[in-house]
Structures are given as C-alpha cells and as structure tokens.
Amino acid sequence: MASKRVLVTGGAGFIGSVVAEVMLDRGYAVVCVDNLVAGHTAAVDPRAEFVQANLLDRSRIFSIFEQYSFDAVLHLGAETLVGKSVEQPGLFFDVNVTGGLNVLDAMLAHGCHDLVFSSTAAVYGEPTTMPITEKTPKAPVNPYGESKLAFERMLPWFPQLRHVSFRYFNACGATLAHGEDRPVETHLVPVALEAADGRRAGLSLFGTDWDTPDGTCIRDYVHVCDIANAHILGLEQLEKCSGKAYNLGTGNGFSNRQVLEAVRKVTGVNFPITDAPRRAGDPERLIADGSLAQAELGWTPDFTEIEPMVETAWSWRKAHPNGYGR
Ligand SMILES: NC(=O)c1ccc[n+]([C@@H]2O[C@H](COP(=O)([O-])OP(=O)(O)OC[C@H]3O[C@@H](n4cnc5c(N)ncnc54)[C@H](O)[C@@H]3O)[C@@H](O)[C@H]2O)c1
C-alpha cells in the first residue's frame with residue numbers, strides 16, 4: 001500500500017521540521033510548505049518535498065492541493081512571536097486566521113478532511129488557577145493567542161472536517177537533525193544557549209520577586225519530540241478524538257532561574273545573568289494539566305525534566321554552530 005501523504009505547513013520552522021522528521025520516520029510521505037519568514041530551507045528534512053509558499057496566497061495554496069493528493073494536514077505554519085503580535089495584530093489575524101482558512105478551504109475543496117492544528121497555551125491568557133486544564137476559560141491576552149483561538153473556534157463549523165488541536169506549552173529541545181534557530185530569538189532556552197556559546201554577552205532575568213520558591217516565573221516545558229509524537233497519536237486516532245483540543249505539557253513547572261541553571265550545568269558555562277524588573281504581561285506561573293492527552297490518546301512524554309531537554313538542544317547547537325546558516 002502506498003504511504004499516506006501529509007502536508008506540514010510551517011515545515012521549515014522549529015517544531016514543523018521535527019514533526020516532518022517524525023512523520024517521515026513513521027513512513028508517511030511529507031510535503032512541507034513554508035514562506036521562510038522564520039524558517040529555513042536547510043531545516044526541511046531532505047526526505048520531504050518542499051514548496052515555498054505564503055499561506056496568504058490562496059490560489060497558490062489551492063494549486064499545491066491540485067498538485068498533490070493529501071490524506072491529512074498538520075497545520076503549524078504561523079506567526080508566533082507574542083511581542084510582534086502586539087505591534088502587528090493585523091498580520092497575526094491575517095496569517096493565523098485567513099492563512100489557516102485558505103488551507104482549510106483548499107483541503108475541503110480537494111477531498112482532504114483530516115487536520116491537526118498547532119494551537120497554544122496562549123489561548124488561556126493568564127489564568128490564576130493551576131494547573132491549566134482544557135476547561136480553563138479561554139481568555140487570550142495578546143493577538144497571538146486570540147488569533148490561534150479564533151482558528152480553533154472555526155473548526156467545529158466545518159462538519160466535513162475531522163480535526164484535533166494541540167495547545168502546546170513551552171516547546172524546547174531538538175533532535176540530532178533539527179533544532180531551534182529563529183532570526184529573532186525570544187524563547188528562554190535558545191536565548192540562554194546563545195549566552196552559553198558566546199553569541200550573547202549574557203541575559204536578563206525579568207522579575208525576581210514573584211511569589212514562587214526562587215522568585216522567578218514558572219513555565220511548563222515540553223520536548224519537541226513529545227509534541228511531534230502527540231501529532232501522530234492525534235492523527236492516527238482522529239476518529240475518536242475529532243473535535244477535541246488537548247494540552248501538551250508535562251505538569252512539571254520549572255522556574256526561569258532553574259532553566260538558566262540547567263543551561264549553565266549542561267553547557268558548563270557560567271554566562272552572566274542580570275536580575276531585571278518584571279516585564280508587563282508575564283504571568284507568574286503557567287502549568288499544564290496534560291492528563292487528558294495521556295488518558296485519551298495514550299500520550300506519554302518521554303521528557304519530563306528540564307536538563308535532558310536542554311541537553312538535546314545543546315547537542316544540536318554544538319553540531320550546528322551556525323544554526324541553519326542563514
Ligand atoms: N514554540 C513554542 O513554544 C510554541 C508553543 C505553542 C504553540 N506553538 C505553535 O507551534 C507552531 C510552530 O511554532 P515554532 O515554534 O516552530 O515557530 P517557527 O516560527 O519556527 O515556525 C513557524 C513557521 O511558519 C512559517 N510561516 C509563518 N508565516 C507564514 C506564512 N504566511 N506562510 C507560510 N509559512 C509561514 C515560518 O516561516 C516558520 O517556519 C506555530 O503554529 C506556533 O503557534 C509553538
């Protein structure tokens with residue numbers, strides 16, 4: 001039997017490149033679509049086909065579906081940076097909602113009915129009750145989260161579609177082949193690794209007076225391979241889970257200081273850390289209840305501690321000192 005073919009939008013980005021890799025390992029044929037605004041050609045798995053295209057180019061997206069027959073779409077392509085979303089809300093609603101709708105319409109026009117959507121913990125905003133379950137009220141506090149929630153909310157209105165959404169918490173880590181290399185980096189683990197390998201002089205720790213054991217904010221980190229595995233589980237059990245959204249997090253919160261200490265330990269570099277005032281809009285803690293994905297999909301994260309996650313990211317950095325060589 002011919003292998004199933006899937007489209008991975010955002011397949012030249014951090015998580016998309018790993019999702020493509022894991023799908024290929026699993027025997028799927030993969031086509032990656034990405035406009036390279038934040039991704040890299042070199043991040044596309046060599047076994048995948050690559051089409052450079054903008055999700056906003058509706059006729060181009062339709063023509064890709066005419067060229068290939070897809071069994072399913074894994075939709076990760078998106079504008080993702082929270083700060084940028086506050087500065088350019090229109091861009092985020094455009095790419096993340098209209099761009100997503102272009103993919104959706106193209107799917108349905110070409111008989112493709114299965115979708116896995118890459119959502120985010122940002123749909124919850126700043127809840128005060130932890131851990132965050134899928135029932136926690138959705139109250140985004142930035143255009144990024146709002147745009148992702150808007151797309152999630154559109155999905156049930158398309159009855160022909162089978163869909164599952166995954167709300168990732170803080171993705172990190174790498175495989176041997178694919179890691180995190182954005183043109184503008186704001187995520188804590190890669191920023192700290194840049195401090196460790198000398199590409200940054202050091203870093204600022206924003207907020208050290210929170211009501212947490214070490215005074216710094218707490219986040220839930222989830223390894224990119226565990227995210228990719230969840231996509232396969234969701235896709236292969238769509239009959240059962242269609243219409244649902246699942247949190248992807250381990251339930252283990254790590255403080256910013258713990259993350260930085262893990263990076264120092266793994267890299268062996270005591271890069272400078274400067275205590276700085278709190279940043280507006282940083283919630284004190286965001287911790288997932290990931291038990292629904294575990295119970296319903298059989299998702300068990302292999303990585304639950306921060307150090308092994310950081311080790312994989314550091315191994316990729318050492319093997320790719322210039323990242324993807326932009
Ligand atoms: N990294 C995280 O911690 C995290 C957490 C929650 C959700 N997510 C979601 O996971 C997905 C992947 O995120 P990532 O961290 O890998 O970010 P990323 O920026 O590395 O990947 C996104 C990819 O989408 C592409 N893209 C952006 N606009 C496009 C457009 N108009 N047309 C075609 N391609 C376009 C980018 O070039 C990039 O390669 C996103 O949907 C993001 O919202 C990420």
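**Close-up views of the ligand site, helix packing and backbone**

View 1. Asn-54 places a polar side-chain atom 2.8 Å from a nitrogen atom of the ligand. The model is predicted: local features need pLDDT of at least 70, side-chain atom pairs count only at pLDDT 80 or more, and totals for chains, interfaces and linings use all residues. Residues are numbered from 1 along each chain as its sequence is written, and side-chain values use heavy atoms, with hydrogens and water left out. A polar contact here is a pair of N or O atoms within 3.5 Å.

**View 2. The shell around the ligand.** The ligand is surrounded by 30 residues, and the closest are Asp-34, Leu-76, Tyr-144, Lys-148 and Arg-182. A residue counts as near if one of its heavy atoms lies within 4 Å of the molecule. The shell has 15 nonpolar, twelve polar and three charged residues; Ala, Val, Leu, Ile, Met, Phe, Trp, Tyr, Cys and Pro count as nonpolar, Asp, Glu, Lys and Arg as charged, and the others, Gly among them, as polar. At least two shell residues come from each of α1 (14–25), β5 (114–120), α5 (143–154) and β7 (170–172). Strand β5 gives the largest share, three residues. Helices (H or I, at least four residues) and strands (E, at least two) are DSSP runs numbered from the N terminus.

**View 3. Packing of helix α6.** Helix α6 (residues 188–196) packs against helix α11 (residues 306–319) at an angle of about 50°, with axes 11 Å apart. Axes are lines fitted to C-alpha atoms over the stretch in contact, and angles run from 0 to 180 degrees between N-to-C directions. The two helices α6 and α11 are therefore oblique to each other (angles under 35 degrees count as roughly parallel, over 145 as roughly antiparallel, 65 to 115 as roughly perpendicular and the rest as oblique). Against helix α9 (residues 256–267), α6 packs at about 40°, with axes 10 Å apart. This makes α6 oblique to α9.

View 4. The peptide bond from Met-130 to Pro-131 is cis, with omega near -5°. Pro-131 sits in the loop between β5 and α5. Leu-36, in the loop between β2 (29–34) and β3 (49–52), has a positive phi, near 65°. Most residues other than glycine have a negative phi, and most peptide bonds are trans.

Terms used
A polar contact is a pair of N or O atoms within 3.5 Å; within protein, one must be able to donate a hydrogen and the other to accept it, and residues adjacent in sequence count only if both atoms are side-chain atoms.
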